[in-house]
Amino acid sequence: MHVTLVHVHVKPECVDAFIAATHANHAASVLEPGNRRFDVLRDPERPGHFILYEAYASAEDAAAHKQTPHYATWRDSVAEMMAEPRRGVPMLGLYPED
């Protein structure tokens, strides 16, 4: 399983708008072929720090996600909300087995 942990730091004044935009991206992403999980996590001690846990059956499925209209809308709408560039950390999902 192909997993990416996307670390996002959002400007304090943009947190609510970021959450709304990310909810829409999440709702569409979980319907994609090959999607296994798409979790949105928020740090309780740093409310502007989020991690998107994106799990796909394959690297190809993950790459296809980045070609979807909902991803492009999310990427463009949250770009100015970032306090710093987002950082994706690729991981290899071992369990649960696909």
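1. P96 sits in the segment after strand 4. A cis peptide bond joins Y95 and P96, with omega about 0°. Strands, like helices, are DSSP runs numbered from the N terminus; a helix is H or I with at least four residues, a strand is E with at least two. L94 also lies in the segment after strand 4. L94 is exposed, at 57% relative accessible area. Exposed means over 50% relative accessible area, buried means under 20%, and partly exposed is in between (1.4 Å probe, protein chains only). The C-alpha atoms of L94 and A62 are separated by 16 Å, and these residues stand 32 places apart along the chain.

2. A word on the model. This is a predicted model: local features need pLDDT of at least 70, side-chain atom pairs count only at pLDDT 80 or more, and totals for chains, interfaces and linings use all residues. Residues are numbered from 1 along each chain as its sequence is written, and side-chain values use heavy atoms, with hydrogens and water left out.

3. Four strands form an open sheet in the order 2-3-1-4, with antiparallel pairing. Two strands pair if DSSP finds at least two bridges between them. Strand 2 (35-42) and strand 4 (87-92) are the edge strands, each pairing on one side only. From one strand to the next, the twist averages 15°. Strands of a sheet pair through backbone hydrogen bonds, either parallel or antiparallel.

4. Look at the pairings of strand 3. Strand 1 (residues 2-9) and strand 3 (residues 49-56) run antiparallel and are joined by eight bridges. V3 has A55 of strand 3 as its bridge partner. H2 stands opposite Y56 in strand 3. On to strand 2: seven bridges join strand 2 to strand 3, and these strands also run antiparallel. Here the bridge partner of N35 is Y56 of strand 3. Strand 2 and strand 3 make a hairpin, with six residues between them.

5. Is strand 3 largely enclosed or open? Six of its eight residues are buried, so strand 3 is largely enclosed by the rest of the structure.

6. Helix 1 (residues 15-29) lies across strand 1, strand 2 and strand 3. Helix 1 runs at about 170° to strand 2. Such angles run from 0 to 180 degrees between N-to-C directions; the axes are lines fitted to C-alpha atoms, for helices over the stretch in contact. Contact means heavy atoms within 4.5 Å.

7. Which residues have the most contacts inside the largest nonpolar core? They are V8, V10, F18, W74 and V78, and the core has 14 residues. Strand 1, helix 1, strand 3 and helix 3 (69-78) each supply at least two residues of this core. A nonpolar core is a set of buried Ala, Val, Leu, Ile, Met, Phe, Trp, Tyr and Cys residues joined through side-chain atoms within 4.5 Å. Take W74: leaving aside neighbours within four places in sequence, W74 is in contact with F18, A21, T22, N25, L52, M82 and R86.

8. An α-helix has 3.6 residues a turn, so residues three or four places apart point the same way.

9. H65 belongs to helix 2 (residues 59-65). H65 is buried, with a relative accessible area of 1%. Not counting residues up to four places away in sequence, H65 touches N25, S29, E32, F38, E54, Y56, H70 and Y71.

10. Finally, charges. How many salt bridges does a search of the whole structure find? Three. A salt bridge is a side-chain nitrogen of Lys or Arg within 4 Å of a carboxyl oxygen of Asp or Glu. R37 meets D39 at 2.8 Å, N to O. R37 is partly exposed at 45% relative accessible area, and D39 is partly exposed at 22%. R46 bridges to D43, with the closest N and O atoms 3.1 Å apart. R46 is partly exposed, at 44%. D76 pairs with R75, the closest N and O atoms being 3.0 Å apart. R75 counts as partly exposed, at 32% relative accessibility.
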